Amino acid sequence: ATPLSIMVGTGKGARAGILIRSAEALETAHKLDTVVLDKTGTITAGSPRLTDLHPAGQLGESDLLRLVAATEADSEHPVAAAIVAAARERGLEWESATRFDSISGEGVRATVAGHTVLVGTHRLLIDSGVDTAPLEPVSHRLSKEGKTAILSAVDDRPVGVLGVADTVKPESPDAVSALHHLGLDVVMITGDNAHTAETVAQQVGVHRVLAEVLPRHKAGEIRRLQVEGRRVGMVGDGINDAPALAQADVGLAIGTGTDVAIEAADITLISGSLSGVVTAIRLSRATMRNIR
Ligand code: ADP
Ligand code: MG
């Protein structure tokens, strides 16, 4: 493209709330055939709420919530924020954990009142040797509802399941349908459970889902699609998404997301709405048409 058409395209983008970092990004966006969308914070609002509380064994609901809140108190994950907020709303108090480990994309482990508490995914508990069988029925039901099931164990014994739900951003279904109309394949990627991811995918009209992808594997999934010969745009908001944004042919960051994601991306969608992806691709196509 000529410098002038790039300048015009970049200016139009800026007025539409789309910050395009380089001429190359504007030029490459028209060649994309696949768009990978992160789930949490990109398709969904990214501020989950606690919806369900299911103790197993002797614990009461408040005991379970207090224990899990104590375990999550030092975590920066949105799931942790939802749990701690719910515990505070109920007026619960807890003693601080004496040891805390965050396991990226899986959960947390902490020592609370001398006990080792695990909070997170099914895989996290299984890998630690916890028998999750008593938690399965509830966990399965929650994920079918599109909620994230958060499992918990104390000293390797299962103690309960919490349900956390996030809402789809209102513009997401229309944006996905517009991307399909532009002829693009749309793929959802997430660290969340496969059933939960499928339910959210159905709500927004996405047909292909990559679920239970650990943060360190997200960029590899993008690479894999590129090896298939695809030109891939990746849209994400989190620290976890940064390597995948950098790996993609065009990385698009949600402007309301983390600085790390914005720095790794070629394009920033200031409003945070997925409709910005559609606008960016249309703009690139129009720019490249004008110069041919
Ligand atoms: P996403 O791809 O949706 O942003 P992450 O990779 O951050 O998700 O996390 C994947 C899954 O790991 C979450 O859906 C959740 O089940 C679990 N998880 C991660 N961090 C925590 C935490 N602090 N507490 C409980 N569960 C967690
Ligand atoms: Mg996210």
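I looked up the surroundings of ligand 1 and found 22 residues around it, the closest being T40, H77, G105, G191 and D192; a residue counts as near a molecule if its C-beta atom, placed from the backbone, lies within 6 Å of it. I noted that α3 (39-43), α5 (78-89), β5 (107-112), β6 (115-120) and β7 (148-154) are the elements that give two or more residues to this shell, where helices (H or I, at least four residues) and strands (E, at least two) are DSSP runs numbered from the N terminus.

The model is predicted, local features need pLDDT of at least 70, and side-chain atom pairs count only at pLDDT 80 or more, whereas totals for chains, interfaces and linings use all residues. Residues are numbered from 1 along each chain as its sequence is written, while chains are lettered from A and ligands numbered from 1 in the order in which they are written.

I then asked where ligand 1 sits: domain 1 (3-45 + 167-291) and domain 2 (49-165) both give residues to its shell, so ligand 1 lies between them, with domain bounds from an automatic or database assignment.

Next I followed the open sheet of 6 strands, whose order is β3-β8-β7-β6-β5-β4 with antiparallel pairing; two strands pair if DSSP finds at least two bridges between them. I saw that β3 (49-55) and β4 (99-103) stand at the edges with a single partner strand each, so one side of each is left without a neighbour in the sheet. Antiparallel β4 and β5 are joined by 5 bridges, and I103 has G107 in β5 as its bridge partner.
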